[in-house]
Amino acid sequence: MNAANDLMQDHIHSLWSEIIESIKQEYLSEDQSYPWILGFSGGKDSTVVAHAVFDALLSLAPSRRTREVHVVSNDTLVESPLVAAHLHRTQAALRNAAKSWCLPVTIATTRPPIEKTFWTLLIGKGYPSPNQTMRWCTDRLKIQPTSQYILDRVCAKGAAIIVLGVRRDESETRRINVNRRKNLHQSNLSPHSELPGAFVYRPIVEMTTDDVWDAIATFPPPWGGSHTGLIQLYRDAEGGECPVVLSKAEAPGCGTASSRFGCWTCTVVEKDRSLQGFVDSGNREYKPLIDFRDWLKEIRNNPNYRSVERRNGKIQFDALGKHIPGPFTIQARRMILEKLLETQEAYGGDPLISNDEIDLIKAIWAQDLSKKSQ
Ligand code: SF4
């Protein structure tokens, strides 16, 4: 047992040193005016990347730390509450550490604009609860806000390098993507498929899942404290995560059975195993959220709650001549808002919807009603 443990320790120490060394070389290479944008979800892979990047920066003389590093997280505004709380705590620790050590690190959060939030689109405009065939949320809640942040940096600096915690052994789809890019581009950087001027760097691409957990268990985070909160979160949620998503091709984990760290409202998954895991491990306050999500999934295909026409006033049929229902009716949207406010009351935590969203939703209803009466 001890011999096996010693072997594991030797392996993780030498692997970690190699990773830090290669991050240092990459940081110092190319044009240093191109910022690094580290996609940080608060999950295990992006935490290990942030940890390694901090270690690499700290091992460099302050005069050589000239490249900006942006640690960017995405808040869909319907994040699973325990995951969001963990992310906020880690972001605060990263911010404090970066400030204390004068590291060129900025901690940022991207969010969808109010007119594209989950509630504005679902309750305001009546978009049906997302499912596998109509997954309108990933692009609007995750991809667009973070892509815009990256493109703004590309505009300001000429190029940007996205640092991701993608690993080869993560999932079949990602493995194929990583392999394809590796074959095409022998450098450590590969052009992002959808963001011109952005390149992707994957410093932990060769780490296995066991290596990631061994690193988390072996090395305390350079920003202080420990990784215990992260380990507990995975234990309670029974694994899985919804990673930082920058293109549809890179979003296989979002809204699938393995995406247990996604939005609490996610109706794309059959069962919300993350929240259920938290409830099973004693966090009973999340039960009203699970009930609401299950209800939202259930009412989706009830024809009584769906308009005959689409929002553009047209009636649509599929290739077999079957009618495709339109958005939720105004009555159904009112019912969903009422039920959401009841859920908020029963939950008792941070508000589930903002007052600004409610005001905008009511303005959209008024516009839709006036269009109908014309
Ligand atoms: S977790 Fe679910 S609701 Fe959230 S963006 Fe992904 S698919 Fe959509």
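Mentor: Ala, Val, Leu, Ile, Met, Phe, Trp, Tyr, Cys and Pro count as nonpolar, Asp, Glu, Lys and Arg as charged, and the others, Gly among them, as polar. This is a predicted model: local features need pLDDT of at least 70, side-chain atom pairs count only at pLDDT 80 or more, and totals for chains, interfaces and linings use all residues. Residues are numbered from 1 along each chain as its sequence is written, and side-chain values use heavy atoms, with hydrogens and water left out.

Trainee: How do the residues lining the largest pocket divide?
Mentor: There are 15 nonpolar, three polar and four charged. A pocket is an open set of points on a 1 Å grid over the protein atoms alone, where a 1.4 Å probe fits, with protein on both sides within 12 Å along at least five of seven lines; lining residues have an atom within 4 Å of a point.

Trainee: Which residues lie nearest its centre?
Mentor: Asp75, Leu77, Glu79, Asp350 and Pro351, out of 22 lining residues.

Trainee: And which helix gives the most to that lining?
Mentor: Helix H3, residues 81-100, with five residues. Helices (H or I, at least four residues) and strands (E, at least two) are DSSP runs, numbered from the N terminus.

Trainee: New topic. What is the strand order in the sheet?
Mentor: E3-E2-E1-E4-E6-E5, an open sheet of six strands with mixed pairing. Strands E3 (105-110) and E5 (189-191) are the edges, and each pairs on one side only. Two strands pair if DSSP finds at least two bridges between them.

Trainee: How many bridges join E4 to E6?
Mentor: Four, and the two strands run parallel. Ala160 stands opposite Ala198 in E6.

Trainee: Which strands does H3 touch?
Mentor: E2 and E3, as H3 packs on the sheet.

Trainee: Last one. Where is Gln32?
Mentor: In the loop between helix H1 (2-28) and strand E1 (36-39).

Trainee: What does its side chain make a polar contact with?
Mentor: The side chain of Thr66, at 2.5 Å. A polar contact is a pair of N or O atoms within 3.5 Å; within protein, one must be able to donate a hydrogen and the other to accept it, and residues adjacent in sequence count only if both atoms are side-chain atoms. A polar atom of the Gln32 side chain also lies 3.1 Å from the backbone oxygen of Leu28.

Notes. Contact means heavy atoms within 4.5 Å. Axes are lines fitted to C-alpha atoms, for helices over the stretch in contact, and angles run from 0 to 180 degrees between N-to-C directions.
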